[in-house]
Amino acid sequence: MRLDHDESFTCPYCGESNPLLVDVTGGSSQVLVVDCDVCCAPILLRIKVNGGEIVSIDVRRENE
């Protein structure tokens with residue numbers, strides 16, 4: 001089983017797609033702040049993992 005998964009998400013500021021590497025061993029509920037690769041705005045990601053699989057990725061502007 002892979003310990004990381006390639007995903008992508010859409011920036012809530014500029015609408016561009018961004019790559020994301022998720023470590024599924026990092027816990028069942030992960031919170032990250034990353035900068036958009038295109039517009040550099042801060043993005044809050046809430047990632048849910050269950051049984052080594054990504055259940056959901058919630059993407060929001062950092063200040064929402």
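**Ground rules**

I count residues from 1 along each chain as its sequence is written, and my side-chain values use heavy atoms, with hydrogens and water left out. Since the model is predicted, local features need pLDDT of at least 70 and side-chain atom pairs count only at pLDDT 80 or more, while totals for chains, interfaces and linings use all residues.

**Entry 1: the overall picture**

I began with the secondary structure and found zero helices and five strands. Helices (H or I, at least four residues) and strands (E, at least two) are DSSP runs, numbered from the N terminus. Reading along the sequence, I wrote down β-β-β-β-β.

Next I looked up size. The C-alpha atoms fill a box of roughly 35 × 20 × 15 Å along the principal axes.

The accessible surface comes to about 4,100 Å², and 46% of it belongs to carbon and sulfur atoms. Areas come from the Shrake-Rupley method with a 1.4 Å probe; for residues, only the protein chains shown count as cover. Buried residues make up 25% of the 64 residues. Here buried means under 20% relative accessible area, exposed means over 50%, and partly exposed is in between (1.4 Å probe, protein chains only).

Then I looked at contacts (heavy atoms within 4.5 Å). Of those with a separation of 6 or more, 28% are between residues 24 or more positions apart.

**Entry 2**

I followed strand S1 (residues 4-10) into S2 and counted seven bridges, with the two running antiparallel. Two strands pair if DSSP finds at least two bridges between them. Thr-10 stands opposite Ser-17 in S2. The hairpin has six residues between its strands, and Gly-15 in the turn has a positive phi of about 85 degrees.

Along S2 the side chains alternate.

**Entry 2: the three-stranded sheet**

In what order do the strands of the open sheet come? I read S3-S4-S5, with antiparallel pairing. S3 (29-35) and S5 (53-61) are at the edges, each with a single partner strand, so one side of each has no neighbour in the sheet. The twist averages 25 degrees from one strand to the next. For that, axes are lines fitted to C-alpha atoms (for helices, over the stretch in contact), and angles run from 0 to 180 degrees between N-to-C directions.

S3 and S4 pair over seven bridges, and Leu-32 has Leu-45 in S4 as its bridge partner. Their hairpin has six residues between the strands, with Cys-40 at a positive phi near 65 degrees.

S4 (residues 42-50) pairs with S5 over eight bridges. I noted Ile-47 with its bridge partner Ile-57 in S5, and Asn-50 opposite Glu-53. This hairpin has two residues between the strands, and Gly-51 in the turn has a positive phi of about 60 degrees.

I picked Leu-20 in S2 (residues 17-23), which is buried at 9% relative accessible area. Which residues does Leu-20 touch, not counting those up to four places away in sequence? My list includes Phe-9, Leu-32, Leu-45, Ile-47 and Ile-57. Leu-20 and Ile-47 are 27 residues apart in sequence and 11 Å apart in space, C-alpha to C-alpha.

Val-33, in S3, is partly exposed at 48%. Leaving aside neighbours within four places, Val-33 is in contact with Pro-42, Ile-43, Leu-44 and Glu-62. The C-alpha atoms of Val-33 and Arg-60 are separated by 9.7 Å.

**Entry 3: the salt bridge**

Side chains of opposite charge can pair when their charged atoms come close. I looked for salt bridges (a side-chain nitrogen of Lys or Arg within 4 Å of a carboxyl oxygen of Asp or Glu) and found one. Asp-58 forms it with Arg-60, the closest N and O atoms being 2.8 Å apart. Asp-58 is partly exposed at 27% relative accessibility, and Arg-60 is partly exposed at 38%.
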